[in-house]
Amino acid sequence: FFFNSCLEVKLKAVTVNVTIQDFVADVVSELFFCNTQQVSRQTMFIFPVDSDTVVHSFYATMGDTRIEATLWEKEEAQQLCKTTPGMENFRYLQDQCDLWGPVFACFLGTLPPDREVVINLCYVQELPLQPDGAARFCWPGQLLPKDTFSWMTSEEELSKILHFTICLKSAHGVSHVTVNGRNSPLQYTAPDQTSAQVSLELPPWRSDLNLLVYYRGSHALSAVVESRDPKGPPGSLLGDAVVMVTLTPSIPEVVLNPDQLGEFLFLMDRSLFQDAQVPPEELCLSFHLFQNTLLFLLKGLPLGCYFNIYSFGATFKAFYPHSVEYTQESMDSAVGHISSICPDLGGCDLLGLLKSIYRTPLLHGRPRQLFIFIQRKVSNEEEDVMDEVCRYRDQHRCFCFPTNSCESFNLSQAMALETKGECVCVHSKMDVTSEAVKCLQQALQPLASGISLRWDLPPGLEVSMIRKAPEVIIQGCQSSIYAQIRGQAQDPGVAEGAVTLQYHVGSQSFDYTLRFSLSSSADDRLPVHRMAVMHLLRKLAWEGTSRAEKDTWHSAVKSSFSLGVLSPFTSSVAVRMNRGDTWQCGKAINNSSMLISSSCNLVPCQLLWLRGFKPIRFKSTKLWMVQTCQFCLETLGHKGPDPGTLTQLSASCKGKENLLSWAFLKLVALQKANGSWALTAALASALELSKADVGGQKPSKDVQPTTWATVLALVWLHRYKWKVSWSELLEAKACRWLWDHAEVQLDECLAAANSLLGCIVEPTIFRT
């Protein structure tokens, strides 16, 4: 999987040393592979990377030959690649390998029979936050020698091939760890339990190694201060201390005001693809399923939010020039527009649409949520799409709905993972609407917004932000910011600083202050500096570099060479040399003439984007494999359903499993944008009652017709809730309207509705 060669090239032993400080991991690994057959094998090393991982050191040793990755400025690296033999191996790998996603790859050449190759790989990585507050570290299961363990039994033999040690550090204190394998007891290495160590004794079988680290207490802030590199020039990024602050705000359940609700953008793929294996009627069915699901999502939006609808194919179109407020009028208009979207056989310009959306300013205080429906491959622009998503990942969240026949499923999953959204894979013969509504419910949860940091440092020191705080943070997630600490403290005896996190949840304001030490012990591996350099170079590449920032750019690129950090301005080139050579390869080489040597030649080594079908990544995202259900598109049109169409659909639905009752569809179509229902003959028909019965059973003349109609519809929905899991969102809208308009009449209305509908629904229904 990761060592792309024949299965006969076995991983025989591993040595891994991991240092974890709060939410950053520094990994040093040595991997021993052996060709166990009597035939030479062509070998290539492949390692997965993501936007939070920096591979900064790689070299391989085969006998007297050493292959080492070096960094070059991008333009010069491109020239070198033109003269590098074997680049066709990468082109073949990109198109023919079954893996998908970004990888670090290096072609190692021929491995003779019974010969070993030793891989030395070093990287740093930001760790994700688990729902229970743990930091999660993952090591790929393919880089654990599982085959050897099938016959080894003694611990002595096991210790010869597996050396996996994890050092843990946190100013908050280390509480405990959990590992999906056998590990040694946690040993504290500091009296205050701020550092500890644990070793892996037996790895998991046929799965990735997952280590969860729990720190003491619950904290909205954590900080890791890394001292300057003694070799770095004062005032440069390497010559100053760097602080990594991880934000994990607590987000209570609150009721949001209309001006605090989000912006919801619905992106509808109208393109169809011609595939001999997929019947045309199935392609059209998927398109109409997306339309119907989108209509139900529109019904579930709250009053006061903002929304827009986009369709994309060979070109993209927006229904509104810009997002509009969700009202009865705008909802009716949007429902009519969705019904008019027609499929075509053109391209799939998702990239152009995303660029247009991302460059539209955010609405103040309104988190941006994208619901993306995809049913065909996004051309060959997947890498560019992910670059855009990564660039704006702190400003939005993606909920993606690819069809099971869609070749962009991996892209959809990666977009959701990058933005902390969800991915729902759409299959046939089941209800996708309920899963889409679950995503909408998640998107409607309160978020931390208006995020800012206030610093308090000793006189003489100041902070220069490298990566700023995000626009929003969702519950259960974290965000890491980086800052350079410049200057010289006027009083060397003051070695403590403070940072205060301020944010809003609804109308409530919160602030947390963390005091941290400025006299942290030096770490010559500089993991925090490496992550900071990566974010700085990305920012410079995305925002462009003005003339005034040229010095910053040169300093940052120079730091990236010193630290081995790949960036948009640099590329990898590997060099093969003999062990006895006196010439040394260094990461700051920038003169291609130095490579002209009889014993030193270039080797293909790059970050690649693979286009296969198996996603590779460190982290996992929740993936819902669901199936779809066909609904009647016309029922939700704002002009009301066509009687002939209703009759046809009603007949077609009879006897089919997993389809909602026709009455339920009509009831949903009649709900207003504010959550209420009007007392009409159409409502009575949807409830399978006569208009006379509905009007005659109204509790009293004081009860408004709309109140009575809404209670009836709400009780009917609740009665059949077990059939339709996604009715909860519609019920909640109805309850909010009732509480705002008819609180004192609810009990008598409920009693009358129970009597008329033959239900036993408790008053707790109004607490939804």
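## Close-up views of a helix pair and a sheet

**Figure 1. Residues at the contact of helices α17 and α18 in the predicted model.** From α17, the residues Thr706, Thr707, Thr710, Val711, Leu714, Leu717 and His718 meet Ser727, Glu731, Ala734, Cys735, Trp737 and Leu738 of α18. By class, the residues of this contact comprise seven nonpolar, five polar and one charged.

**Figure 2. Crossing of helices α17 and α18.** Helix α17 spans residues 705–719 and helix α18 spans residues 727–741. Their axes come within 10 Å and cross at roughly 150°. Because angles over 145 degrees count as roughly antiparallel, α17 is roughly antiparallel to α18. The crossing of the two helices is left-handed.

**Figure 3. An open sheet of four strands.** The strands follow the order β16-β17-β28-β26, with antiparallel pairing. At the edges lie β16 (221–226) and β26 (461–467), each of which pairs on one side only. On average, neighbouring strands of the sheet are turned by 25° against each other, direction ignored.

**Figure 4. Pairing of strands β26 and β28.** Strand β28 covers residues 479–487 and runs antiparallel to β26, to which six bridges join it. Ser464 has Gln484 in β28 as its bridge partner. In general, the strands of a sheet pair through backbone hydrogen bonds, in either a parallel or an antiparallel manner.

**Figure 5. Helix α11 packed on the sheet.** Helix α11, formed by residues 527–543, touches β16, β17 (241–247), β26 and β28. The direction of α11 makes about 65° with that of β26.

How values were computed:
Residues are numbered from 1 along each chain as its sequence is written. This is a predicted model: local features need pLDDT of at least 70, side-chain atom pairs count only at pLDDT 80 or more; totals for chains, interfaces and linings use all residues. Side-chain values use heavy atoms; hydrogens and water are left out. Two strands pair if DSSP finds at least two bridges between them. Axes are lines fitted to C-alpha atoms, for helices over the stretch in contact, and angles run from 0 to 180 degrees between N-to-C directions. Contact means heavy atoms within 4.5 Å. Angles under 35 degrees count as roughly parallel, over 145 as roughly antiparallel, 65 to 115 as roughly perpendicular and the rest as oblique. A crossing is left-handed if the near helix is turned anticlockwise from the far one by less than a right angle, and right-handed if clockwise. Ala, Val, Leu, Ile, Met, Phe, Trp, Tyr, Cys and Pro count as nonpolar, Asp, Glu, Lys and Arg as charged, and the others, Gly among them, as polar.
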